[in-house]
Amino acid sequence: MSEEIFLIYARAGNGTIGKDGKLPWHLPADLKRFKALTMNRPMIMGRKTFESLPGLLPGRRHIVLTRRDRWDSSGAEVVHSIDEALELARDGNETGEIAVVGGAAIYDVFRPLADRIEVTEIHAEYSGDTFMKPIGAEWEVTAREDYPAEGDHPAYSFLTYHRQGRKDTQDAEA
């Protein structure tokens, strides 16, 4: 079985991915997609991301990468290096997929190792204190679904990127 590391996040048009430890928008379709893409997969995250969750998310392993030696992990599996995180994520992983779910510093260290990026691109700008840089030219869109604004919800797109030259994109849908 081949392994695939993927990043998953929502990003506003101005790069915002968070504010005060939370998403600055409420988009039910994004939450549903996040659940579908991470269910039954190990999730690697930083301590602040773990602490921002409403609790342990059912059906997923929570692997927290932190520099803190002592910290009440409340059910998470705590690691102190990228190698430890990946080793733990591989152990017993039947899907072969490893989800990296944040925050920004964790995305930065795992981006060079990632094969795929799943992005909900929010077509609006939000103030925030955590930002994600644009996806670089080494990535190509292999799937895209666009949705119009509706009620209080902004327009958004679900985008799947694969690193060029690393994964077969024969089933790509634009």
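## The largest pocket

A pocket is an open set of points on a 1 Å grid over the protein atoms alone, where a 1.4 Å probe fits and protein lies on both sides within 12 Å along at least five of seven lines. In this predicted model, the largest pocket has a volume of about 1300 Å³, counted as the space filled by probe spheres set on the points. It is lined by 41 residues (an atom within 4 Å of a point), and K48, T49, S52, G102 and G103 are the closest to its centre.

Helix α4 (104–110) gives the largest share of this lining, five residues. Other elements with at least two lining residues include β1 (4–12) and α1 (28–38).

## Salt bridges

Now for the charged pairs. A salt bridge puts a side-chain nitrogen of Lys or Arg within 4 Å of a carboxyl oxygen of Asp or Glu, and the count comes to eleven. E118 and R33 form one of them (2.5 Å, N to O). This pair links E118 in strand β7 with R33 in helix α1, 85 residues apart.

R116 lies in β7 and E97 in β6, so their bridge ties together parts 19 residues apart in sequence. Shared partners join E4, R33, R41, E97, R116 and E118 into one network.

## Reading the numbers

Residues are numbered from 1 along each chain as its sequence is written. Local features need pLDDT of at least 70 and side-chain atom pairs 80 or more, while totals for chains, interfaces and linings use all residues, and side-chain values use heavy atoms, leaving out hydrogens and water.

Methods. Helices (H or I, at least four residues) and strands (E, at least two) are DSSP runs, numbered from the N terminus.
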